Amino acid sequence: MIIRTISILIPTLFLSSGLSMAQQGIISGQVVDPKSAPVPNAHIAVVSTSFGAVTDANGEYSIGIPAGRYTVQFSALGFKTQTRSVEVTAGTTVRVNFNAEEDSQLLKEVEVVGIKSITGMGYLDEAHDGAIYAGKKTEVLLLDSLDANTVQNNPRQVLGRVPGANYSETEASGFPSNGIGFRGLNPTQSIETNTRQNGYNITADLYGYPESYYLPPLEAVERIEVIRGASSLQFGPQFGGVINYIMKNGSARQPIEITTQQTGGSYGLYNSFTSAGGTVGKFNYYSYIQFQGAMGWRPNSDYRKITGYARVEYQASEKIKLGVEYSLLRNRIHMPGGLSDSMFHVNSRASYRARNWLQTPWNILTATMDWKLSEQSRLTVKSASNFSSRDLVWRNEDGGPQALDEIDPVTNSYVNREVGHETFSSNTTEVRLLSRYHIGDMTHSLAAGVRLYYGKMRRQGGGTGTTGSDFDMILVEPGYGYDLDFSTTSVAPFIENAFRFGERLSVTPGLRYEYIKSTVNGYTTSKIDGNPFQTEGSRSRYIFLSGIGLQYRTTSSTNIYANWSQAYRPMDYSSLTPFGTIVTVDPNLKDSNGYNADLGFRGSVKDFLNFDVGGFYLQYNNRIGVIEKTDASGNVYPYRTNIANSVHKGIESYIEINPVKALWEERKWSLSFFHSMALIDARYVSGAYNGKYVEFAPTSISRLGANLVVGIFSTTFLVSHTAQSFTDASNILTPSADAVTGPIPAYTVMDWSGTLHIKNYNVKLGINNLADQRYFTLRTAEYPGPGIIPAIGRSSYVSLGVRF
């Protein structure tokens, strides 16, 4: 069936690219800078249409388009936006060149094709980077346009404009990256969000272990793209959609450009970031190295890490660009452990664990190809290989946070620590075709392709470690408590087509088919008699997804969008593994499934108002959990199965207004206000917890900010409020003694940041959690706990940067 599906899909892709080109002309040209050097990677858009292009290494572009009168727009970071009017006749080529002018307001007013923004927030075009986004809810954040704490990847300041974004703030207490979730979904380690870098997967295991241990430093990121649940047809699993970190390119105007940013802050924070990039002949390259560390807000929360990245792209010909990328992470994190509720209220900065350590060496090697098949069709290939691991040694969760990790007066030593080791290796290859074709006078867009995935994970845990205090993975007894090998194989073809009816309406149906085979082999240790027993099995699934999106252009800069798309969350490896003989896994366990729906109105009014207001509905069926069952002898045992369905619904809005731009044409300063809000009602609609709130689903998230620009200085003030949520489906208000279950109280946090630009220099400074609010976003039964994981109190930073 898979081979048959692909055999039908591939001819369809290439047939569509050869459809009628009647009544078509070509707009072509070159973009050069003030020194007459070509400007590659510039965006060329035909205003009020979906046509556009990106300039090649020679600054050249070419756009096939039906005959008619158009406005052509040039935009690129660091240059002023320009437009030209042009008339295209059938069978002719019209030359439109641009002499780019450098923009002195380099960082504050950016307009890129498909991204409308006042100070850094916008949305994607109808078709972008091999995918169709017409009718989908998307957000784009331009990092260089934001005053934000990019040094510590502060999610509130950077992603706070995205409505409904909920964060798991754990980076300083054990997890190497903060997590994010949308629409009432679990934010821990971003497990319900498809996390990508430059369009390829960077999680540990796309299907079996979708946690994010590596994230790029935001100083190296050009923009962040967020695509909500309707992304399932193009990108696959996870209800929460996609978050995609797009890295910066090397300078297009000189052979080498070096940027360095040196930062110091509270609690021993230091961060050294240096990047180099440029263009040499047909090669464009970009690389960086980051050294970061801190003593930590709490005792025993020191960490250090090295992050690196290198990309080289080669313009092999006018039509083919080849690239290779490598990302690495090396870290060592000292984990201070969790707290009980009483401990948190007495002293949220206390630590009762001094011997817990984690390291997560990460390696991602990626090869890319961008092939311009014709003026209307482009084929992209991205193949990413991940070779990574996670090493954990800790005084485990036994006894909860109240079980102090102290020296036993009898043995005069600590208890033995627990050791865990996991390795991940995978390859994800995605082939995408984006093609525009004509039927009559209408231009339609086809996006199709296939994803091939193979991943392996070896999970070893429960080993008996030393009684020492420093990081070591030594086992004092042979073997682990469990040693399991997992694998996943997947083939997933997909197709979407944007049909246009007139100049305003587009309808985009889509289909996706996924074949998944998961295997497990190894042993676990019985919790009854302590003896090991073998675990072996495999499971194959066939998943069919469909969806449809509609977009109606109300004006040249506003549109109404709507979509409905099926989605699913695959069973992860823990769901396939009976840890101990007292746990039984339902042989008929199913992947969670459901759908996302959106309806909204978005756009901009001139350059002073930017907005996106809409409603959403998420149906989440067959949630996986553990219930208690009784066997024939009357013994109660845990049983892992599909336990309930839930519904997440609500309103999301983003409004940004700049009254200075609205009232004065000539201005030497700028003031904008923005409000990001989500009202969320996420509840179980079946099972034992019918009517209860879903875990980690606050009923409201609101962020209000102001941005002021005066000459070379800019500053942003942000107030964030997150309502109460629960960590268990029973919604108990009285926390458990081990602090694993109970409410996460509402909290309000204020942040301030500022930037001063003096030619090629910048000074950045800020204060996080200005009012020193004591709050937390996570309760956990395991590491980095157990118990409550506090968020960081007030902290400050100062940074000096230079570009040369």
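Between which two strands does the loop with Pro786 lie? Pro786 sits in the loop between strand S44 (776-780) and strand S45 (787-790). Helices and strands here are DSSP runs, H or I of at least four residues for helices and E of at least two for strands, numbered from the N terminus. The peptide bond that joins Gly785 and Pro786 is cis, with omega about 10 degrees.

Before going on, a word on the model. It is a predicted model, in which local features need pLDDT of at least 70 and side-chain atom pairs count only at pLDDT 80 or more, while totals for chains, interfaces and linings use all residues. Residues are numbered from 1 along each chain as its sequence is written, and side-chain values use heavy atoms, with hydrogens and water left out.

Now the whole protein. Its secondary structure comes to 5 helices and 46 strands. The C-alpha trace spans about 90 × 60 × 50 Å along its principal axes. A compact globule of 804 residues would have a radius of gyration near 28 Å, and the protein, at 27 Å, agrees with that. That radius is taken over C-alpha atoms, and the globule rule is 2.2 Å times the number of residues to the power 0.38.

Of the 804 residues, 59% count as buried. Buried means under 20% relative accessible area, exposed means over 50%, and partly exposed is in between, with a 1.4 Å probe and protein chains only. As for contacts between residues at least 6 apart in sequence, 67% join residues at least 24 apart; a contact means heavy atoms within 4.5 Å.

Next, some single residues. Ser487 lies in strand S29 (residues 482-501). Ser487 counts as buried because its relative accessible area is 12%. Its side chain and that of Thr519 are joined by a polar contact of 2.4 Å. A polar contact is a pair of N or O atoms within 3.5 Å; within protein, one must be able to donate a hydrogen and the other to accept it, and residues adjacent in sequence count only if both atoms are side-chain atoms. Leaving aside neighbours within four places in sequence, the residues in contact with Ser487 include Tyr454, Lys517 and Tyr573.

Gln315 is in strand S22 (residues 303-315). Gln315 is buried too, at a relative accessible area of 11%. A polar atom of the Gln315 side chain lies 2.9 Å from the backbone oxygen of Ser317.

Then the loop between strand S37 (669-684) and strand S38 (700-710), where Phe696 lies. Is Phe696 buried or exposed? Phe696 counts as buried, because its relative accessibility is 10%. Ala688 is in the loop between S37 and S38. Ala688 has 78% relative accessibility and therefore counts as exposed. The C-alpha atom of Ala688 is 8.3 Å from that of Ile643, a residue 45 places away along the chain.

Last, backbone angles. Phi of Phe696 is near 60 degrees, a positive value in a residue other than glycine. Asn622, in strand S35 (residues 609-630), also has a positive phi, near 60 degrees. Most residues other than glycine have a negative phi, and most peptide bonds are trans.
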